[in-house]
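Open the model in your viewer and keep the selection tool at hand. The tour moves from stop to stop, with a selection for each.

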Amino acid sequence: YHMQVEEEDVQALLNCGDDHNIKDFDSFNFCPRTVPYRHMPCYVLKMFEDLNFIKRWRIKKNVLARFTLYVKKGYRDAPYHNWMHAFSVAHFAYLLIKNLRLVEEEHMTELQAFVFLVSCLCHDIDHRGTNNSFQTKCGTVLASLYSSEGSVMERHHLAQSMCILNTEGCNIFETLKGTLYSEALDLLRNNILATDLASHFRSVDDQREITRCYDKKNPSHRKLLHAMLMTCCDLNDQTKNWKVSKQTAEQIYDEFFSQGDLEKSMGTAPIEMMDREKASIPDLQVQFITNLVLPLFTNLAMVFPSVKSIVQIIERNREVWRIATAIFQKYSEKGMTGMDILLNAR
Ligand SMILES: COc1ccc(Cl)c(-c2nnc3c(C)nc4ccc(C(=O)NCC(C)C)cc4n23)c1
Ligand SMILES: [Mg+2]
Ligand SMILES: [Zn+2]
């Protein structure tokens, strides 16, 4: 793995101490994006510690520290798909494991919970701020590698994660004996591939069906639930307050519109969602929440009633986007672009 992480950074992370004790860190109301950027790696270790993964799996702390810094370094500074996104996704997995008591209630084995957290941390490694259809449309190197199987970016994120695990002093799965090791890699693969929205859409009908009569002993129910949980973590910004969901939209459309500009410069017309001249962000957000986010969390709430409070927050955020849509329509007659209006909306 060509990336390099300095050993002094590993030591500094090992000594980051526990003077970071943010109140409510383990509450669904907590916004992980408020953690100072330089403290994020320390909070990753804190999550592993707090879930007792370090003791249970006899992980050497210097290996976990080195792994965490390699993962962090593996992310690019894209407007949205960056290390902060990965940290927020992993934090939501930590909240689910802890607050829904996934292991105690036997929805996950201890190994599945451990790999679930690791998968979230790694799920978007080396994302370039462009989506799967861009890879195939523009015939990128990643498309030539993976487009025959689909989920091009997700297969790349998985490959990058494997590279880090195979890097000297970074294999946090090294203490897993025999079949546990290969089971961990299978779980990592299933989890990361599940974050491809296309595969989420393929399994939405099955997800709705099993959540009406969930059987935690049924392996196919469990596999579908774990895939749902990965997508929930990936969409965790929608479960926070309006300020977070507005900021997330700005970052995502910054990425989408840059991809649209790139496609225009290559002579292909971008889809409306990625065309800054055509996209109405509030409309697109209402659609995304209505068609994807709400159904997903509503299905999850069928299995975990405590998730109902999160569904209410998502509905409230959608109401704000609806109001923004009305304002947007009013101002767009005056020729203001979507971003101006979004930036002005309180
Ligand atoms: C779970 O995997 C992913 C992967 C990539 C992204 Cl960006 C997201 C994601 N995370 N938050 C958002 C928000 C707030 N809006 C979005 C609006 C559209 C789309 C999108 O990809 N639409 C096309 C598809 C439906 C065919 C994704 C959006 N999104 C999630
Ligand atoms: Mg992704
Ligand atoms: Zn993601």
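Start with α6 (110–122) and α10 (179–193): each supplies at least two residues of the lining of the second largest cavity. Helices here are DSSP runs of H or I with at least four residues, strands are runs of E with at least two, and both are numbered from the N terminus. This is a predicted model, where local features need pLDDT of at least 70, side-chain atom pairs count only at pLDDT 80 or more, and totals for chains, interfaces and linings use all residues. Residues are numbered from 1 along each chain as its sequence is written, chains are lettered from A and ligands numbered from 1 in the order in which they are written, and side-chain values use heavy atoms, with hydrogens and water left out.

**Stop 1: the cavities**

Select Met108, Gln112, Phe116, Leu187, Asn191 and His226, which line the second largest cavity. Its volume is about 30 Å³. The lining holds three nonpolar, three polar and no charged residues. Nonpolar covers Ala, Val, Leu, Ile, Met, Phe, Trp, Tyr, Cys and Pro; charged covers Asp, Glu, Lys and Arg; the others, Gly among them, are polar.

The search uses a 1 Å grid over the protein atoms alone: a cavity is a set of points where a 1.4 Å probe fits but cannot get out, a pocket is an open set with protein on both sides within 12 Å along at least five of seven lines, and lining residues have an atom within 4 Å of a point. Grid points are joined across faces, edges and corners, and a volume is the space filled by probe spheres set on the points.

How many cavities of 30 Å³ or more does a search of the whole structure find? Two. For the largest, select His200, Phe201, Val204, Gln207, Asn291, Leu292, Pro295, Leu296 and Asn299. Two elements give two or more residues to this lining: α11 (197–212) and α14 (281–303). The largest share, five residues, is from α14. The volume is about 50 Å³. By class, the lining has five nonpolar, four polar and no charged residues.

**Stop 2**

The largest pocket has a volume of about 950 Å³. Of its 40 lining residues, select those closest to the centre: His81, Leu197, Phe256, Met273 and Phe288. Then colour α7, α9 (152–165), α11, α12, α13 and α14, the elements that give two or more residues to the lining. α13 gives the largest share, eight residues. The lining divides into 16 nonpolar, 18 polar and six charged residues.

Move to the second largest pocket, with about 450 Å³ of space. It has 21 lining residues, and Asn190, Asn191, Ala194, Lys223 and Ala227 are the closest to its centre. α12 contributes the largest share, seven residues. The classes are six nonpolar, ten polar and five charged.

**Stop 3: the zinc site**

Select ligand 3, the zinc ion: His85 (NE2), His123 (NE2), Asp124 (OD) and Asp234 (OD) coordinate it at 2.0 to 2.1 Å. Donors are N, O and S atoms within 2.8 Å of the metal (3.2 Å for Na, K and Ca), and water is not among the atoms, so sites may look incomplete.

Aspartate 124 sits in the loop between α6 and α7 (132–137) and aspartate 234 in helix α12 (residues 219–234), so the pair ties together parts that are 110 residues apart in sequence. Buried or exposed (buried is under 20% relative accessible area, exposed over 50%, partly exposed in between, with a 1.4 Å probe and protein chains only)? Aspartate 124 is buried at 5%, and aspartate 234 is buried at 13%.

**Stop 4: the rings**

Rings of Phe, Tyr and Trp (its six-membered ring) pair if their centres lie within 6.5 Å; planes under 30 degrees apart are stacked, over 60 edge-to-face, and the rest tilted. The count by this rule is 14 aromatic pairs. Select phenylalanine 28 and phenylalanine 92: a tilted pair, 5.7 Å centre to centre, with 50° between the planes. Phenylalanine 28 is buried at 17%, as is phenylalanine 92 at 1%.

Finish with Phe48, Phe53, Trp57, Phe114 and Phe173, which ring pairs link into a cluster.
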